[in-house]
Amino acid sequence: MACPYTSKRQSTVSVSEWKLAIRPDKSSECSWALGSSESSPHAHSKWQPPKKYGVIDNILDHIGNTPMVRLDRIKKEKGLKCDIFAKCEFFNAGGSVKDRIGKRMVEEAERTGRIKPGVHTLIEPTSGNTGIGLALAAAVKGYRCIIVMPEKMSNEKVSVLRALGAEIVRTPTSAAFDSQESHIAVSQKLLDEIPNSVILDQYRNEYNPIAHYDETAEEIYHQMDGKIDMIVVGAGTGGTVTGIARKLKEKIPNIKVVGVDPEGSSLAVPESLNEEREGEMYHVEGVGYDFIPTVLDRDCVDKWVKSEDGPSFAMSRQLIKLEGLLCGGSCGSNVYCAIEEAKDLPEGSRVVVILPDSVRNYMTKYLSDDWMIEHGFLSPSESDDMSLRWWGKLPVSVIEMKDPIIISPSMKCQTAMELMNNRNVDQLPVVDTDGSISGAITLHNMMRKVTKGQAAAQDPVSKVMYNQFQKVTVDTPLAEVSKMLDHDHFVIVTKGWQYYEDDGSPCPRDMYIGTITAAHLLSFIMSGPGLHIDGSSDL
């Protein structure tokens, strides 16, 4: 756990010299370890059992003491012998486990005189939930709050943050943590520019894990009467699993701590668990990173397991349907992995799973059938009868596509605009020299960036392209494409091909085939058997 904070950046450097000033993966300077006789150098709070009745002074007092729920229906559905329990952190005031650290980091900074209400601005790089926790504390206590978060994070989180009075800065999802465009680097730039600003820094702040060591773990221990055989915790910053694991291992030495890390993330141990799909984009929010946060003590975890998007979202939906728990996607990750790990546990064993946040943040994501279909987690036939329409099961290949036009990331915006005008198209895929698709540009997005002063005519198109886009194959059913086009301007059609490196190792890649818009799909449907002569249709 990190103790001292490093100073702000002192000067501006060139791109070639640039490096992240305050690294979120710096080695911890805290010498505490499990079993150590050394007393803690940090301030700790004593856990108090919850009061049954009474009026609280403000909403921050409704953070903590969340319920523990027995998952008997899930146990029966999955054929488990052991008992499984859910620690429902979405009952915190702001809707997530991160409310605990948002409140604690602010209170400790106030206690030491580092921040004062009405004087300091709080800046935080976050995937959203820590931002909501901080913004909640800032609203109650009277701080200006700026949250920097990747574009991947849900619009629901943005809406909640704005309602709490926070200012939002979005960064590219694809930006590595140590690049100039990352949410961490942008936060540090704002720190340099805004007087009296502070980054409480969940990645390095010692009171991230301490909040869970002092409170969350104590609650779990007392709710379960000290009888726990296994606890399953997802890892984002790692503060939750570190704090809970350290305290419970002190109280229950034989407890097994299982850490959950999504495919595409780099937090699991051994490192070989991360190799297969490291860096691949995943859709479950709030977990996993491409660096090891300072606050994460990976040695506290007895076993790491990897989670995948599809089973995670499916399990979250089951938790809602079977148990009535209105929880988020990472809750599904934890419960799915807990069930896999608990299959061989005998009757009488007790497993606890952390449910980090609520479904509120994902109403237009995994809770939406349309979103699930667009991302391949649900088939159209599971949500409605679109696939039963005459065209629904037909493959993308039945739509006639024009000869593909592709451009390089280095093409100037002015040239790309002229090309689109000359070829009468309003979008173009951007393909790297190795043939891989890196993004797409549209006239609309280019115009928006230029009018906001974020790009100029002579800038490369890489500055205005979409890094995230819907990609389908020639075999994808049109029913799925139709769902995608409800929300996206276009989809890119690809075909897989085998590329081999010089050493003979395979390197699969996607070849760009064409682009399909709503106009293409509508034109195909209108020309087919579903259209009646009177203008009505069976569509």
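Lys-87 and Glu-219 form a salt bridge, with their closest N and O atoms 2.7 Å apart; the term stands for a side-chain nitrogen of Lys or Arg within 4 Å of a carboxyl oxygen of Asp or Glu. This pair links distant parts of the chain, with Lys-87 in strand β2 and Glu-219 in helix α6 (residues 207–223), 132 residues apart. Please keep in mind that this is a predicted model, where local features need pLDDT of at least 70 and side-chain atom pairs count only at pLDDT 80 or more, while totals for chains, interfaces and linings use all residues. Residues are numbered from 1 along each chain as its sequence is written, and side-chain values use heavy atoms, with hydrogens and water left out.

**Salt bridges**

- Side chains of opposite charge can pair when their charged atoms come close.
- The structure holds 25 salt bridges.
- Both Lys-87 and Glu-219 are buried, where buried means under 20% relative accessible area, exposed means over 50% and partly exposed is in between (1.4 Å probe, protein chains only).
- A network of salt bridges links Lys-87, Glu-89, Arg-100 and Glu-219.
- Arg-73 and Glu-323 also meet through their side chains in a salt bridge, at 3.8 Å from N to O.
- That pair links distant parts of the chain, 250 residues apart: Arg-73 belongs to helix α1 (residues 72–78) and Glu-323 to helix α9 (residues 309–323). Helices here are DSSP runs of H or I with at least four residues, strands are runs of E with at least two, and both are numbered from the N terminus.
- Arg-73 is exposed, at a relative accessible area of 53%, whereas Glu-323 is buried, at 14%.
- Asp-369 and Arg-317 form a salt bridge through their side chains, at 2.9 Å from N to O.
- Here too the pair links distant parts of the chain, with Asp-369 in helix α11 (residues 369–374) and Arg-317 in helix α9, 52 residues apart.
- Asp-369 counts as partly exposed at 28% relative accessibility, and Arg-317 is partly exposed with a relative accessible area of 23%.

**Around Ser-96**

- Where does Ser-96 lie? Look in the loop between β2 (83–88) and α2 (98–111).
- Ser-96 is buried, because its relative accessible area is 1%.
- The Ser-96 side chain reaches the backbone nitrogen of Lys-98 at 3.0 Å. This is a polar contact, meaning a pair of N or O atoms within 3.5 Å; within protein, one must be able to donate a hydrogen and the other to accept it, and residues adjacent in sequence count only if both atoms are side-chain atoms.
- Setting aside neighbours within four places in sequence, Ser-96 is in contact (heavy atoms within 4.5 Å) with Glu-89, Phe-90, Asn-129, Pro-356 and Asp-357.

**Backbone features**

- Most residues other than glycine have a negative phi, and most peptide bonds are trans.
- The peptide bond from Val-269 to Pro-270 is cis, with omega near 0°. Pro-270 sits in the loop between β8 (256–262) and α8 (272–275).
- Asn-65 is not a glycine, yet has a positive phi of about 55°. Asn-65 is in the segment before β1 (68–70) and is partly exposed, with a relative accessible area of 37%.
- Asp-201, also not a glycine, has a positive phi of about 65°. Asp-201 lies in the loop between β6 (197–199) and α6, and is buried at a relative accessible area of 8%.
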